[in-house]
Amino acid sequence: MGYSKAGFKAARELCGLSQLDVANACDVRVLAVKKWEKPGGAEPPQDAWDFLESCIDAQNEAVECAMSAAIARGGAVQIAYYRSQAQYDDLGSDPGPYGMANANARLVAHRLRALGFHVDFSYPDDEENMYHERDES
């Protein structure tokens with residue numbers, strides 16, 4: 001991974017993390033993260049880069065898992081998209097920032113659409129717009 005300020009910001013945004021998410025994970029103030037991303041400011045420390053790289057690794061794993069499941073299932077794909085951290089905490093399957101879950105969802109959708117799948121997003125608590133498994137018996 002490139003060790004530039006722009007590379008740091010791009011990696012953070014790719015993972016769907018806010019500056020506050022990174023600040024909390026690195027036990028620093030948001031102002032420090034802002035400086036890491038600003039030309040002329042302080043350089044991001046190695047532990048911040050290590051955190052982002054671990055997030056990218058986790059994202060790659062989550063996206064590959066979701067892709068495999070969608071391809072095996074076939075047909076149209078419905079992907080959960082979260083409106084808030086509270087909703088993700090209540091209805092999500094993994095701990096962490098909801099922005100990261102939504103970034104993963106966007107990557108999965110992009111890749112599946114490139115393979116010709118019909119993909120739609122739905123809020124997980126919106127029963128009216130969620131696909132439901134049908135009893136095929």
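## Helix α4 and its packing

In this predicted model, the buried residues of α4 pack against α1, α2, α3, β1 (77-80) and α6. Those buried residues are Ala 48, Trp 49, Leu 52, Cys 55, Ile 56, Gln 59, Val 63, Met 67 and Ala 70.

After α4 comes Gly 74, which has a positive phi, near 75 degrees.

## Nonpolar cores

The largest nonpolar core contains 15 residues. Phe 8, Leu 17, Val 22, Val 33, Trp 36 and Leu 52 have the most contacts inside this core. At least two of the core residues come from each of α1 (5-14), α2 (19-26), α3 (30-37) and α4 (46-73). The largest share, 5 residues, is supplied by α4. A second, separate core has 11 residues, among them Val 63, Ile 79, Leu 112 and Phe 117.

## Contacts of Trp 36

With neighbours within four places in sequence left aside, Trp 36 is in contact with Lys 5, Phe 8, Val 22, Cys 26, Val 28, Ala 42, Glu 43, Pro 44, Pro 45 and Ala 48.

## Ala 101

Ala 101 lies in helix α6 (residues 98-114). Ala 101 counts as buried because its relative accessibility is 17%, and the cut-off for buried is under 20%. Not counting residues up to four places away in sequence, Ala 101 touches Tyr 82 and Tyr 88.

Leu 17 is 84 residues from Ala 101 along the chain, yet their C-alpha atoms are separated by 9.6 Å.

Notes
Residues numbered from 1 in each chain as written. Predicted model: local features only at pLDDT ≥ 70, side-chain atom pairs only at ≥ 80, totals over all residues. Heavy atoms only, no water. Core = buried A, V, L, I, M, F, W, Y, C linked by side-chain atoms within 4.5 Å. Buried < 20%, exposed > 50% of the residue type's maximum accessible area, 1.4 Å probe, protein only. Helix = DSSP H or I, 4+ residues; strand = E, 2+ residues; numbered from the N terminus. Contact = heavy atoms within 4.5 Å.
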